[in-house]
Amino acid sequence: MAETNPVAPSGPAACTHRVTLGVCAGISIYKACDLVRRLQDRRCEVKVVMTAHAARMVAPVTFQALSGHPVITDLFEGSGEPSIAHIELARWEELFLVAPATANILGKLARGIADDFLTTHYLANRGAPVLLVPAMNGSMWRHPAVQENLRILEGRGHVVLQPAKGSLACGDVDEGRLPEPAAVANEAVAILEREGGLQGVKVLVTAGPTREPVDPVRFLSNRSSGKMGYAVAREALQRGAKVTLVSGPTGLEPPSGADFVPVVTAAQMAEAVRARFRECQVLVMCAAVADYRAAQSLASKRKKGKGAWQLDLEPTEDILEGLVPLKGKGQFVCGFAAETEDLKQNALAKLKRKGLDLVAANDVSREGVGFESDRNALSLFWPDGSEERIPEASKTDCARALWDAIQEALNGR
Ligand code: C5P
């Protein structure tokens, strides 16, 4: 560990936030040097941890001079004894930021491997939010192994900044660039500032589709992946809320820290929501609940070759409408609306009929957003008829903007 630099530009007294910056061995490591400065511009005190490979690309003394703190690269600093610095640092930090985050580090963090200081420190995390800024070759970025690790990390509530597109060190023009340091610093400060904004607030979120059986092996359902609802739940957790997630069947990892209630049918979802509604302060009903179910589900599998099969469908209960008489004064209810036409008109009618405080509407006829996609674009409709747009972005970013809007409404009450 190197000595503290007494002439470092920003001392703790001037700082409002404490950030650990983990630096890995990517060519974009040169931007991490500037990132220290940009974080300091935003009143962050920065302590740097480097992987051994990173320390071969840029000497730790550079980050030491910039940060004004010793740079940690090794679990066995000096004495040969393992120290507890990784725990002390976890107690100190308010944000753990990794930039650049290589494919290697994403894999280790996702799987809990702790073979150096940076990865061991990650496991010692005491609740500080984690911001990961991946940068790598475009093919590596798209590799299913990397994408799977990212899903695990996002499922844990970590924020992953999407790499930018442009010319990469390998000569390709592709996605994989580390975003500009000022943008990363902005994101870090945004996380620090909204952290705790929902501290202790009880939030109920529904997500995913429901399945309505027609016989023991077949069901009626819809294209909802659950990704939007899970992002809404993760973001609320990130902001300190106590989150219950009632979810229909999805292939997604339940966000850690949420009280997870798996359901299958619309009737089960209705029961799960009703039982928990009085307790919650905010309900975000993101689930794509089936509107119809088979009037009768067969007890045994209908054999093929029996000719045409006519199904009698009956409407399911509308969960939100059923909650209107139960709604307390302080409660805030947000519904979603997946529309293919007359977005505004339909959303406002829904707002009224279902007694909502907010409708988040998405135009599911648009290419590349909404159902099954990782991206979305939302229009928020308020009871006074006003509309606010959340432009196309990742579902994580849409969830963030949605909570910013909900928090503003709650604060204005
Ligand atoms: O009426 P529509 O299904 O378009 O309304 C969508 C909103 O209503 C969503 O928030 C959805 O979760 C909720 N909903 C419900 N019960 C249903 C169907 C939808 O609460 N049976």
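These are my notebook entries on selected features of a predicted model.

**Conventions.** I number residues from 1 along each chain as its sequence is written, and side-chain values use heavy atoms, with hydrogens and water left out. As the model is predicted, local features need pLDDT of at least 70 and side-chain atom pairs count only at pLDDT 80 or more, while totals for chains, interfaces and linings use all residues.

**Helix H3.** I looked up which residues of H3 (residues 60-67) are buried, and found Phe 63, Gln 64, Leu 66 and Ser 67. Buried means under 20% relative accessible area, exposed over 50%, and partly exposed in between (1.4 Å probe, protein chains only). Helices (H or I, at least four residues) and strands (E, at least two) are DSSP runs, numbered from the N terminus. Just after H3, Gly 68 has a positive phi of about 75°.

**Aromatic pair.** I searched the whole structure and found one aromatic pair. Tyr 230 and Phe 260 are edge-to-face, at 6.4 Å centre to centre and 65° between the planes. Rings of Phe, Tyr and Trp (its six-membered ring) pair if their centres lie within 6.5 Å; planes under 30 degrees apart count as stacked, over 60 as edge-to-face and the rest as tilted. Tyr 230 lies in helix H10 (residues 227-238) and Phe 260 in strand S12 (residues 259-262), so the pair ties together parts 30 residues apart in sequence. Tyr 230 is buried at 2% relative accessible area, whereas Phe 260 is partly exposed at 29%.

**Salt bridges.** I found 29 salt bridges in the structure, each a side-chain nitrogen of Lys or Arg within 4 Å of a carboxyl oxygen of Asp or Glu. Arg 38 meets Asp 34 at 2.5 Å, N to O; both lie in helix H1, four residues apart, about one turn of the helix. Arg 38 also forms a salt bridge with Asp 41, with the closest N and O atoms 2.9 Å apart. Arg 38 is partly exposed at 25% relative accessibility, and Asp 34 is partly exposed at 30%. I also noted a network of salt bridges linking Glu 187, Arg 194, Glu 235, Arg 239, Asp 397, Arg 400 and Asp 404.
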